[in-house]
Amino acid sequence: MDDTVGIQRNPNVVGEHFSLSELLRRDFWGLPMHGTGWTNKSFRPLTTLTFRWNYLLHGLDSCGFHATNVILHCVCSVLVGRAAITTLGLSGSWAALAALFFGVHPVHTENVLYLVCRADILAAMLGLMALNAYSASFCPPARLRPLWPALRSTPVYHTAESSVGTVFNFFGPLRLVPPVLLIVASGLCKESGFTVFAIPLLMELLDFLKLQALAARSKERMGKRTWKRLKLRVGLLVASTFFVFIARYRHTGGTKLNMSPQDNPISFETDRKARVLSYAFLHGVYTRLLVFPQYLCYDYSMDAIPIVRTFLDCRLLLPLTAYLGFVAAVTGFVRLPPKHRRSALISLALLVVPFLPASNILFPVGTVVGERLMYVPSAGYCLAAVLALHAYLEGPRQQDPRVPRASFATNPSVQGKQSGRSVAAPREIQRWGTGSDRAELTRRGFSSIVLVTVSVAALSVRTLLRVGDWESSDTLFIRDGERQPTSSKTQFNLGITYMQMQEWDAAITALVRCAHADPLSSLPFYRIGQIEILRGRFDVAEQFLAAALEKFGASLMVRDEEVFHDLALAMFQNGKVQQAESRLRIALQLNMDFAKGWNNLGCLMAAQQNLHDGLRAVKKAVSLAPENPQYWANLAVLSQHTGDPATYQSAMSTAYEIWPSMPEHRDCAWEFAPAG
């Protein structure tokens, strides 16, 4: 799959010499971002750099790459828990629950086991670090009640200013540098990481509204010093955001994607209503992946999700449920007490904002549905779920009647100016359940324990089953191919798997389904042609290979010269020698270093009694691939026919040195090795 292109064939990963300029000049797939060639503008140099480090440590052994992804996912899970403490104000026990939910969620299986999806893991890791750093320095949350007193933790914040903020208070605006750099690094791992810039701005807005409300309630003005610091932080954040986005735009030469209908067929739909309805349905699919991840697949392209064309399509019930659920969640969170409200809105923002680039709302994206795209949003979802459970358990807030209502003067930035002495903050009485109703307390506690236990168990079991699907590429392709029969990509990979197992009928059946789902693609026609060559049915092979030349190609998967070469082989076997020679010469024009093409051109010329030209072509093949014994044997055969016994002896000796058990060669032999 994409691991081959993004890692195995990426010169920035496997190149003999590493070049920083090349790392900055090429996209995530190793293709130049500037010029006339194809590129999707995915500039993720930090992710590519980690692949390079893996390659230097252990080569292309996939175990090291997978182990790194697992470790990074564990780190992200811990950081989700840390965000629950530092950014949302939860205690350690609740943070552990959030980390557990995130760690075992099945939608993350693709990110961990699909190597190129490390980009999302790194973006989430650095983005969470940025949010934690910003919260600790500038926007510490109000403390929420622990799950139980025995596991009470003491977060690194207080109601006024965090310990980190106190330590670095001397540096003033320089405290913004670490969070901003971490967000930039997150965006250089995956483009969605740049959206994290919006979360600190939301924190500042919520804290500003809270201060304004306190000021209005106490009929006082916000301190000039507080207001000045707030404007400076927000101004620097906004300026940093614009600077980073403009710099990336200029470096990549724009953000326009060179998409095809195979990537996102909905974006090529001419009916605007159908596009809107189909994109809405995709939002429902993504919501289902988070809430009920029972159905998982590595691909949802083409007919896997047919376009929605009418409001009467029953599939629209899914996005309708998703939208209503989201509105209900926002409404419920807004009605929570202020402590919960702020944290809940931040968690929802962490769910929605990183999802926007994948939502097709701002611009069409290069995929229909990708489970990997939910990695960062799922952190917000898990935090929001834990906060909702915390609010449910805590019940209505009660304030001690002996303590007066909080006033804006208790804020340290104001009280120092007004009274010059410390004023104790009001004490709130928090109770589990509603008031002192023990029955309500028991009911809520028991139902919460059951819900958490069942949810964690169900998510863990689903994740284990999904990991089993990813045991090997063959297992994944067969299981998802059977699970998703209308996806062009799953059926193509299923066909290739059966082809490698030499189950020709099953392979052709899958490839026919692929061609039906994606009739514009040349790949299924090309592979069916190869299978028919292997089965000796050259007339059928010629028909499919000729059709492949008229379809849309995928140069990252199969080179054009391979298609022309295989068509030439089928034509030669069908007695169309001149046409076969023409196709071979086109293949060599496309790739002058195509050793297999030179060898077979030499054999074709020899069959036409043009021995000297055939000998020159085979010599070219030998020079390009001296490790191939068949080329040496063909060189020996043609040298014998042209009266050159010395070359015959030398070439045949070399062939047997490379392959001691090589069968006897009497004629120039064509080579047919299906391209991988």
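Biologist: Which residue does a disulfide join to cysteine 603?

Modeller: The model is a predicted one, in which local features need pLDDT of at least 70 and side-chain atom pairs count only at pLDDT 80 or more, whereas totals for chains, interfaces and linings use all residues. Residues are numbered from 1 along each chain as its sequence is written, and side-chain values use heavy atoms, with hydrogens and water left out. A disulfide is a pair of cysteine sulfur atoms within 2.5 Å. At an S to S distance of 2.0 Å, the partner of cysteine 603 is cysteine 668.

Biologist: What is the handedness of the disulfide between cysteine 603 and cysteine 668, and how many residues apart are they?

Modeller: The torsion about the S-S bond of cysteine 603 and cysteine 668 is about -70°, so the disulfide is left-handed. Helices are DSSP runs of H or I with at least four residues, numbered from the N terminus. Cysteine 603 belongs to helix H26 (residues 595-607) and cysteine 668 to the segment after helix H29 (645-658), so that the pair links distant parts of the chain, 65 residues apart.

Biologist: How are the rings of phenylalanine 102 and tyrosine 375 arranged?

Modeller: The structure holds 13 aromatic pairs, where rings of Phe, Tyr and Trp (its six-membered ring) pair if their centres lie within 6.5 Å; planes under 30 degrees apart count as stacked, over 60 as edge-to-face and the rest as tilted. For phenylalanine 102 and tyrosine 375, the centres are 5.2 Å apart and the planes lie at 75°, so the pair is edge-to-face.

Biologist: Which helices hold phenylalanine 102 and tyrosine 375?

Modeller: Both residues are buried, phenylalanine 102 as well as tyrosine 375. They are 273 residues apart and link distant parts of the chain: phenylalanine 102 lies in helix H6 (residues 92-104), and tyrosine 375 in helix H16 (residues 375-394).

Biologist: Is tyrosine 300 buried or exposed?

Modeller: Tyrosine 300 pairs with tyrosine 295, with ring centres 6.4 Å apart and planes at 65°, so this pair is edge-to-face. Tyrosine 295 is partly exposed, with a relative accessible area of 24%. Tyrosine 300, at 3% relative accessibility, counts as buried.

Biologist: Which residue lies over the face of phenylalanine 28?

Modeller: Phe28 forms one aromatic cluster with Trp29, Phe51 and Phe65. A charge sits over a ring if NZ of Lys or CZ of Arg is within 6 Å of the ring centre and within 35 degrees of the ring normal. At 4.9 Å from the ring centre of phenylalanine 28, the residue is arginine 44.

Biologist: Where is aspartate 27 found, and which backbone nitrogen lies 2.9 Å from a polar atom of its side chain?

Modeller: Aspartate 27 is in the loop between helix H3 (20-25) and helix H4 (45-58). A polar atom of the aspartate 27 side chain lies 2.9 Å from the backbone nitrogen of tryptophan 29.

Conventions: Helix = DSSP H or I, 4+ residues; strand = E, 2+ residues; numbered from the N terminus. Buried < 20%, exposed > 50% of the residue type's maximum accessible area, 1.4 Å probe, protein only. Polar contact = N/O pair within 3.5 Å; in protein donor to acceptor, adjacent residues only side chain to side chain.
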